[in-house]
Amino acid sequence: MSENTEKPEKVHVPVVTPESLTFLEKYINNSSPTGFEAEGQQIWLEYLKPYIDTQYVDNYGTAVGIINPDAAYRVVIEAHADEISWFVNYITSDGLIYVIRNGGSDHQIAPSKRVNIYTEKGVVKAVFGWPAIHTRGGEKEEAPTLKNISLDCGCTSKEEVEKLGVHVGCVITYEDEFMVLNDRYYVGRALDNRIGGFMIAEVARLLKENNVKLPFGLYIVNAVQEEIGLEGAAMIAEYIEPDVAIITDVTHDTQTPMINKVTQGDLACGRGPVVSYAPAVQRNVNKLLVETAEKNNIPFQRQASSRSTGTDTDAFAYSNTGVPSALISLPLRYMHTTVEMVHKEDVDNVISLIYQTLLNIQDGQDFKYFNIKP
């Protein structure tokens, strides 16, 4: 009788708990537009509090949970907290509202969407109106642009709009909320990148629940203002002065229609975390990620970037005198829409990869490519 030498198929063990999922839903449903992240940051810190020793918030709202704050060697795990949004830019005499972007908001998905306008008097509901199909005659239909999409909050004059508390500079977000699709995907707006904040918080939870005593200081960073230029990360990196940084953000699943794999790469939800190759990604830190994934049977994918990663990795890498930094990305479908999708198992595996990598970092570890001999 021949011996069966095939390895048994690895069974995925979930990391996210029902209690964690309750937090994730609350955190995603909260609005945290760029520059207005404070409420979401408070929700995040409240969840993180049992798993850390102390916390810090800077002048612009970047939140940091710290384990072993007195340690000399400092390791950062980081995500960003802000979501794309809109600003009120112009109110017409008829009571319609024109907008400008706050981050990379997509004008093409706006028509017929419901929104929340945030004012000092509270939330004002509105909709992005769009002419009925019956009225859009002609040989060439006009596409949605910033010049022709407008908000309707049910008012008929500028004065009526202003009485609601709406003024130029009020921030606007979509009201779409979190759901689980086919027991396989997490879906919602602002998974880019509050799902990252969720994952690094889960790493802190695992460290605490497993009674891990790290030999270094761990700084769990949820940065603001990534969507308009990595600004929060740049500020907090100068404050922390880390010795190494591991960043997590989302990247594009390229399996859906209208995406060119030749230019965007071949990445898919469900195939695992993505490690990146770019000038800002320090090769020895990246090698540690890959070796950790292989050792722990964590599936992973690879992505190449040309000049920059476009993530907070770049801000940390080029801060201070240069911080060895690497990026772990989560594949996501439909980025910068209200139906962003990530695979549940990928979320578990990103958490596991960051957690296991931390266990393999030594106090005082030197990631330099070479050292000068005396």
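The model is predicted, so local features need pLDDT of at least 70 and side-chain atom pairs count only at pLDDT 80 or more, while totals for chains, interfaces and linings use all residues. Residues are numbered from 1 along each chain as its sequence is written, and side-chain values use heavy atoms, with hydrogens and water left out.

Let me begin with the count. Taking a salt bridge as a side-chain nitrogen of Lys or Arg within 4 Å of a carboxyl oxygen of Asp or Glu, the model has eleven salt bridges.

One of them joins Lys113 and Asp176, at 3.0 Å from N to O. Lys113 sits in the loop between strands E5 (96–102) and E6 (114–119), and Asp176 in the loop between strands E9 (171–174) and E10 (179–181), so this pair ties together parts 63 residues apart in sequence. Strands here are DSSP runs of at least two residues, labelled E and numbered from the N terminus. Lys113 is buried, at a relative accessible area of 17%; buried means under 20%, exposed over 50%, and partly exposed in between, with a 1.4 Å probe and protein chains only.

A second pair is Lys125 with Glu175, also 3.0 Å from N to O. Lys125 belongs to strand E7 (residues 122–129) and Glu175 to the loop between E9 and E10, 50 residues apart. Glu175 is partly exposed, at 27% relative accessibility.

Turning to Arg271 and Asp266, their side chains form a salt bridge at 3.5 Å, N to O. Arg271 is partly exposed at 39%, and Asp266 is partly exposed at 44%.

Finally, a network of salt bridges links Glu83, Arg189 and Arg194.

Notes
Helices (H or I, at least four residues) and strands (E, at least two) are DSSP runs, numbered from the N terminus.
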